[in-house]
Amino acid sequence: MKLRSLSSVFLLVFSLACSGKDKEALDGAANGSTSAAGGSGSGLGIGAGSAANGSGSGATNGAGLGGNSSVPPIDIGGGIGTVTGGGQPGNGMPETCDGIDNDENGIADDLDIGNDGVCDCLRIATLGIIGQWGQGDVFTGWLNQRSVNGAIDLADKPLTDSLLAGLQVIVVQDVSKIGRKYSASEVAALRAWVEGGGGLMTLIGYGEPSERTNVNALLGPFGISYDSEPILPKGGGKPTISVTGWTAHPVTAGITAIGVDNGYPVIGAGTVIGHQAQWDVLRTAEPMQGRVLVWGDEWITYNSEWVNRKDLQVELFWVNAIKWLTPPKQCQVAIPPSILR
Ligand SMILES: [Ca+2]
Ligand SMILES: [Ca+2]
Ligand SMILES: [Ca+2]
């Protein structure tokens, strides 16, 4: 069987696309040149409510290095148009990926030179392997073109405190083929990482009867699991089934439909923020300092959902999810209006 890791694709695409706009712009910023992209730092308006904040911050920061490197992030989750980080204008220093709030606006590493909604300094990793039911290059390429670091492929590595240290977001793909069951110490390590402020997102629906075992083990400490009966099959040759039942939350902001096929219900603790028919398909939890997001399918990683389905908001869903999973005072950048549709 050809097993292709999502993250290995991330890294491959990243290596091929090192001239991507974010990295190019970052290089330019490092050299002290003012990039054209920086001038578009005013693209902050998210909904009518943020118009004042958007124009104000854009004007203020337009002359700064990279322009948007010091644009205050907009929190479209808690309240549209509110500026996070206390609304401080910043000190004019460029933000760099060093874990420090260089511009003193209240958010460390809030750098998004491409204005694409993905923090350039994001430290994101994946577990397991990519699904086999579609092509995933759009998603993988998308992420690598929007952050300097790209994604780290943890694949089947044993989960330890040291392995997870420093990561901000982990996306769990198909972990049914790692050749073992996660041990109690691995589950404990992931739990400690989440509770210490990590953001964990899980996917399911890869088509193996035993696929729930490992991911449910990882979710065990948070009281959430995937139930046993597959749900919402699209049927051969048909489009995925649109999930249309959403509860207001930063992850669901602006979302009207996301496609699924042969997923599993998400049951247990936490808060249900997505459902279809009688099933819950999206739950969140916030254990201690961390955040957990459990999605009952994996088709959001496939090209067909990104490219062919204009009625779905897959990119926005990912941007929302990554932003919400990222610690509140780190790497929070504005979601650009171009993604909202
Ligand atoms: Ca900052
Ligand atoms: Ca920084
Ligand atoms: Ca970016």
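# Reading a predicted fold: confidence, sheet, helices and core

Biologist: What does the chain average in pLDDT, and what share of the residues score at least 70?

Modeller: The chain averages a pLDDT of 78, and 73% of the residues score at least 70. pLDDT is the predictor's confidence in each residue, from 0 to 100. This is a predicted model, in which local features need pLDDT of at least 70 and side-chain atom pairs count only at pLDDT 80 or more, while totals for chains, interfaces and linings use all residues. Residues are numbered from 1 along each chain as its sequence is written, and chains are lettered from A and ligands numbered from 1 in the order in which they are written.

Biologist: Over which residues does pLDDT stay under 50?

Modeller: Where pLDDT is low, the predicted coordinates should not be read in detail. Here that concerns residues 1-88, where pLDDT stays under 50. The model has 185 contacts beyond four places in sequence for this stretch, a contact being two C-beta atoms, placed from the backbone, within 7 Å.

Biologist: In what order do the strands of the open sheet lie?

Modeller: Strands of a sheet pair through backbone hydrogen bonds, either parallel or antiparallel. Strands (E, at least two residues) and helices (H or I, at least four) are DSSP runs, numbered from the N terminus, and two strands pair if DSSP finds at least two bridges between them. The open sheet has eight strands in the order β4-β3-β5-β6-β14-β13-β12-β9, with mixed pairing. β4 (151-155) and β9 (245-246) stand at the edges with a single partner strand each, so one side of each has no neighbour in the sheet.

Biologist: Which strands run parallel to β5?

Modeller: Strand β3 (residues 124-127) is joined to β5 by four bridges and runs parallel to it; T126 has V171 as its bridge partner. β5 also pairs with β6 in the parallel sense, over four bridges, with V172 opposite T202.

Biologist: How many bridges join β13 to β12 and to β14?

Modeller: Five bridges join β12 to β13 and four join β13 to β14; both pairs are antiparallel. L282 of β13 stands opposite G274 and has W295 as its bridge partner in β14. The hairpin of β12 and β13 has two residues between the strands, and A277 takes a positive phi near 50 degrees.

Biologist: Are the residues of β5 buried or exposed?

Modeller: In a regular strand the side chains alternate between the two faces of the sheet. A residue is buried if 20 or more other C-beta atoms lie within 10 Å of its own, exposed if 12 or fewer, and partly exposed in between, with C-beta atoms placed from the backbone. In β5, V169 and V171 on one side and I170 and V172 on the other are all buried. In β13 (residues 279-285), seven of the seven residues are buried, so this strand is largely enclosed by the rest of the structure.

Biologist: What span should helix α6 have?

Modeller: The expected span is 1.5 Å times one less than the number of residues. The twelve residues of α6 (184-195) should therefore span 16 Å, and the end C-alpha atoms are 16 Å apart, in agreement. Its buried residues, among them L190 and W193, pack against α5 (161-164), β6 (199-202), α7 (212-219) and β14 (291-295).

Biologist: Which members of the largest nonpolar core touch the most others?

Modeller: A nonpolar core is a set of buried Ala, Val, Leu, Ile, Met, Phe, Trp, Tyr and Cys residues joined through C-beta atoms within 7 Å. Of the 74 residues here, V172, M201, V292, L293, V294, F317 and A321 touch the most other members. Helix α9 (residues 314-325) gives the most, with nine residues.
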